[in-house]
Amino acid sequence: MTPDEFRDLITPITGRISGKALDSTLEAELNAAYPADGPAFAAIFDACRAAIGAGWMCNREAGGIKFGRVIKPSPQTHGYSGDVVEMNDIKGPHHRHPNGEIDMVMPLTPDAKFDGRGAGWLIYDPGTAHSPTVSAGKALVLYLLPEGAIEFTK
């Protein structure tokens, strides 16, 4: 798995969500179209594990969280960036989503939850903020950010 192959794997999803409001309706659509037990979800999850094993994904670490931006926003990704984090029973840095945030939650341990949610898709509306938290185990989270916009708070 290369960075370009990973981007190509994500591009159909960013194409599907392009121009849509980031809200509960889109969250339901993503969970129906790409369910946690479906082949597309599994392919992305497998790609993340392979990329981490290859050393180019989640290759930075701070405060016990492994992370990295793996897709820069571009016309090919419909203006979305992609970041992947690996978290294990930890609360991450508080941040705001000026344009919203789409999260793909991939538990690495069976009971792991991201912000209280198990495997699947979670959307934060534009203007929302949170301290991302993984509890009850270890998880990977793919963050899709419109225009790559994120604002870390102090």
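This is a predicted model: local features need pLDDT of at least 70, side-chain atom pairs count only at pLDDT 80 or more; totals for chains, interfaces and linings use all residues.
**Entry 1: α1 and α3**

I started with the helices. Two packed helices are described by the angle between their axes and the distance between the axes. I looked up helix α1, residues 3-17, and helix α3, residues 39-54: their axes come within 10 Å and cross at roughly 150°. Angles over 145 degrees count as roughly antiparallel, so α1 is roughly antiparallel to α3. I also noted that this crossing is left-handed.

Which residues of α1 and α3 meet? On the α1 side I found Phe6, Leu9, Ile10 and Ile13, and on the α3 side Ala43, Ile44, Ala47 and Cys48. I sorted this contact by class and got eight nonpolar residues, with no polar and no charged ones.

**Entry 2: α1 and α2**

Next I checked α1 against helix α2, residues 24-33. Their axes come within 11 Å and cross at roughly 145°. Is the crossing of α1 and α2 left-handed or right-handed? I wrote down right-handed for this pair.

From α1, the residues Ile13, Arg16 and Ile17 meet Leu26, Glu29, Leu30 and Ala33 of α2. This contact divides into five nonpolar, no polar and two charged residues. I spotted Ile13 in my α3 list and again in my α2 list.

**Entry 3: the largest pocket**

Then I went looking for pockets. The largest one has a volume of about 380 Å³. It is lined by 18 residues, and the closest to its centre are Phe67, Val85, Pro93, Ile150 and Phe152.

Which elements give two or more residues to this lining? I listed β1 (60-62), β2 (65-71), β3 (80-91) and β9 (133-146). Of the elements, β2 gives the most, with four residues.

Last, I sorted the lining by class: eleven residues are nonpolar, three polar and four charged.

Conventions
Residues are numbered from 1 along each chain as its sequence is written. Side-chain values use heavy atoms; hydrogens and water are left out. On a 1 Å grid over the protein atoms alone, a cavity is a set of points where a 1.4 Å probe fits but cannot get out, and a pocket is an open set with protein on both sides within 12 Å along at least five of seven lines; lining residues have an atom within 4 Å of a point. Grid points are joined across faces, edges and corners, and a volume is the space filled by probe spheres set on the points. Ala, Val, Leu, Ile, Met, Phe, Trp, Tyr, Cys and Pro count as nonpolar, Asp, Glu, Lys and Arg as charged, and the others, Gly among them, as polar. Axes are lines fitted to C-alpha atoms, for helices over the stretch in contact, and angles run from 0 to 180 degrees between N-to-C directions. Angles under 35 degrees count as roughly parallel, over 145 as roughly antiparallel, 65 to 115 as roughly perpendicular and the rest as oblique. A crossing is left-handed if the near helix is turned anticlockwise from the far one by less than a right angle, and right-handed if clockwise. Contact means heavy atoms within 4.5 Å.
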